[in-house]
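The sequence and model are shown first.

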Amino acid sequence: MDVGNFGFVVAGLVVGFIVGMTGVGGGSLMTPILLWFGINPATAVGTDLLYAAITKSGGVLVHQKNRNIDWRITGWLTLGSVPAVALTLWFLKNLDTDPQALNAVIKQGLGFVLLLTALAIVFKKKLMAFAQRHGSDYQPSPGGLNGLTVVTGVILGTMVALTSIGAGALGTVALFILYPFLATKRLVGTEIAHAVPLTLVAGLGHASMGNMDWHLLGFLLMGSLPGIWIGSHMTGRISDEILRPCLAVMLFSIGYKLAF
């Protein structure tokens with residue numbers, strides 16, 4: 001294994017550790033790291049999407065075993081997100097004749113979504129507390145709620161297909177605003193259950209466009225799978241009040257640099 005490939009294993013280990021310990025930071029950290037390694041934006045996004053689909057699949061099995069998934073909500077989200085992924089990939093494929101234009105669009109989108117993710121991490125607790133306090137004030141009818149869930153899926157699908165980011169921190173906050181009285185563990189499980197088909201479809205779509213490095217994916221998984229296992233056993237050892245602001249500052253800095 002040469003030095004470059006070893007660096008990808010280490011990157012997978014570090015990101016996996018952070019994801020296992022905090023539950024956030026997968027795509028929002030991995031894609032910028034791949035850009036830093038010199039991987040072109042389209043390939044970084046495509047590879048990270050399949051990386052996310054594989055690493056989150058284990059989470060679905062665990063959450064399903066513990067009955068922490070609301071499959072009805074997952075279905076409504078998927079109804080919006082998968083068509084949005086298809087349309088976004090079609091748009092990107094039309095830019096494929098100009099690789100520079102494609103990479104520029106992805107980098108710009110990545111920057112803005114990283115900024116939104118950083119804000120979601122910082123204000124997550126306040127947003128959730130507000131939603132719980134005022135949840136009964138704005139609850140729509142069941143049909144209206146299903147429609148809003150589909151629209152949320154469309155937004156998340158577009159962001160994920162374009163940048164590989166959005167299904168984690170942003171998806172969780174969006175779900176909590178829509179379903180403020182849903183138990184947190186079911187909310188997290190539902191978000192992960194939706195993220196797997198979303199990232200899988202988007203990742204395979206990017207792979208069909210040639211935006212995939214299979215060797216790179218293998219090295220990332222080689223590091224991330226043990227990293228997630230180690231990180232999950234470190235949960236609570238470091239204060240969330242320290243971890244999340246540090247993560248948010250890092251993502252905001254990267255996002256600002258990419259967007260502007």
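## Second largest pocket

In this predicted model, the second largest pocket holds about 310 Å³ of space. Its lining consists of 15 residues, and those nearest the pocket centre are Pro32, Ile33, Leu35, Trp36 and Ile254. Two or more lining residues come from each of helix H1 (3-22), helix H2 (26-36) and helix H10 (240-259). H2 contributes the most to this lining, with six residues.

By residue class, the lining of the second largest pocket comprises twelve nonpolar, one polar and two charged residues.

## Annotated transmembrane regions

An unreviewed UniProt entry lists residues 7-27, 33-52, 73-92, 104-123, 144-177 and 214-230 under "transmembrane region".

Among these spans, residues 104-123 are 100% helix and 0% strand in the model, with the end C-alpha atoms 29 Å apart. Residues 214-230 are likewise 100% helix and 0% strand, and their end C-alpha atoms lie 25 Å apart.

## Nonpolar cores

The largest nonpolar core contains 34 residues, of which Phe8, Leu34, Tyr51, Leu220 and Leu251 touch the most other members. The elements giving two or more residues to this core are H1, H2, helix H3 (41-65), helix H5 (99-134), helix H6 (142-163), helix H7 (169-178), helix H9 (214-232) and H10. H5 gives the most, with six residues.

Apart from this core lies another, of 16 residues, including Val45, Val85, Leu92 and Ile106. Within the largest core, Leu34 is one of the residues that touch the most other members. Leaving aside residues up to four places away in sequence, Leu34 touches Phe8, Ile39, Ala44, Leu216 and Leu220.

Definitions and conventions
Residues numbered from 1 in each chain as written. Predicted model: local features only at pLDDT ≥ 70, side-chain atom pairs only at ≥ 80, totals over all residues. Heavy atoms only, no water. 1 Å grid on protein atoms, 1.4 Å probe; cavity = no way out; pocket = protein on both sides within 12 Å on 5 of 7 lines; lining within 4 Å. Points joined across faces, edges and corners; volume = space filled by probe spheres on them. Helix = DSSP H or I, 4+ residues; strand = E, 2+ residues; numbered from the N terminus. Nonpolar A, V, L, I, M, F, W, Y, C, P; charged D, E, K, R; others polar. UniProt positions renumbered as here; feature names shortened; annotations may be inferred. Core = buried A, V, L, I, M, F, W, Y, C linked by side-chain atoms within 4.5 Å. Buried < 20%, exposed > 50% of the residue type's maximum accessible area, 1.4 Å probe, protein only. Contact = heavy atoms within 4.5 Å.
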